[in-house]
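This briefing concerns the salt bridges of one protein structure. Please keep the sequence and the model in view while reading.

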Amino acid sequence: MFHFLNVNKPLGITSHDVVARVRRMLRDRGLKHVKVGHAGTLDPLATGVLIICLGGATRLSEYVMGHDKTYTARIRLGIETDTFDAEGTVISTADAAVVTSEAISTALAGFTGDIEQIPPMYSAIKQGGRKLYDLARAGQEVERQPRPVTIHTLTCDRFDASAPSAPEITCTIVCSAGTYIRSIAHDLGAVLGVGAHLTALERTASGVFQVRNAVTLELLASVDDWSELTVSPLDGLSDLTRLELTPEQWQDISHGRAIAAAEPAPQSVCATLSGQLVAILSAESGQWHPHKVFLPADSE
């Protein structure tokens, strides 16, 4: 098996839980040997696109993880939590009734472009060999280094002031991989001077994977044949240039030998043979070097 699944992750479970359920479904279908992984973690609070890698596609996760993401986020003003989201403990409150939609739009504009973001303590990033959320749960807070991220667009789509002292806004965010939306919510509250936290998050796109095309776990459980539900490796990597190999070139690549590259050459290409993905090649010194090679057994 050599495919991706575009799963619409439900609320309240981890990305690892989704992997475990897909693995169990495959085992029940007599496919316990198939490897399963995910590309791009979603918090339990979040829903939407979660890319599941099956079989040989687990070796391609790095290529689909790096794509830009699109999110719909709900942010509650006036309430700050220790995790920056609704799962945490409230640590401060303020009356946010004075905040206007104009002030929100002005503040959001300051987050767009290439920025540096400090990851939240409740995150899976490791520091000193330990995950930050383990340190946070032990009552420790450590200094975190800012990480460069890119916010392409950040717009306020709705301003709900039905609870005047703690209004809620709905935003659409298009950003680079590795962006913490919880941190945007927290930092927005700091800029506005009233505190804020994330109350809901949906990932609506990750590269070519769109939530409108995502499948539910319930659908996967009810169907024996997933062939119409999976995404081919080439479709999942449609942003990479394709290079059709000759049989002679494939012989070299399959034995770990480089082949001549056309100039100018993109950094990475999908090498195909008879229209099927057989390798990821990297350009170096005028040659294509095999970076990932997929033999027939990888597709079984």
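E168 is buried in this predicted model, its relative accessible area being 10%. A salt bridge links E168 to R74, with 3.3 Å between the closest N and O atoms. The whole structure holds six salt bridges, and the points below describe some of them.

**The pair R74 and E168**

- R74, R76 and E168 form one network, joined by salt bridges that share partners.

**The pair E62 and K292**

- E62 and K292 also form a salt bridge, and their closest N and O atoms lie 3.1 Å apart.
- Because E62 is part of helix α2 (residues 61-65) and K292 is part of strand β19 (residues 287-293), the pair connects parts that are 230 residues apart in sequence.
- K292 is buried, as its relative accessible area is 15%.
- E62 is partly exposed, with a relative accessibility of 43%.

**The pair R158 and D160**

- The side chains of R158 and D160 form a salt bridge with an N to O distance of 3.7 Å, which falls within the 4 Å cut-off for such a contact.
- R158 is partly exposed, at 48% relative accessibility.

Notes
Residues numbered from 1 in each chain as written. Predicted model: local features only at pLDDT ≥ 70, side-chain atom pairs only at ≥ 80, totals over all residues. Heavy atoms only, no water. Helix = DSSP H or I, 4+ residues; strand = E, 2+ residues; numbered from the N terminus. Buried < 20%, exposed > 50% of the residue type's maximum accessible area, 1.4 Å probe, protein only.
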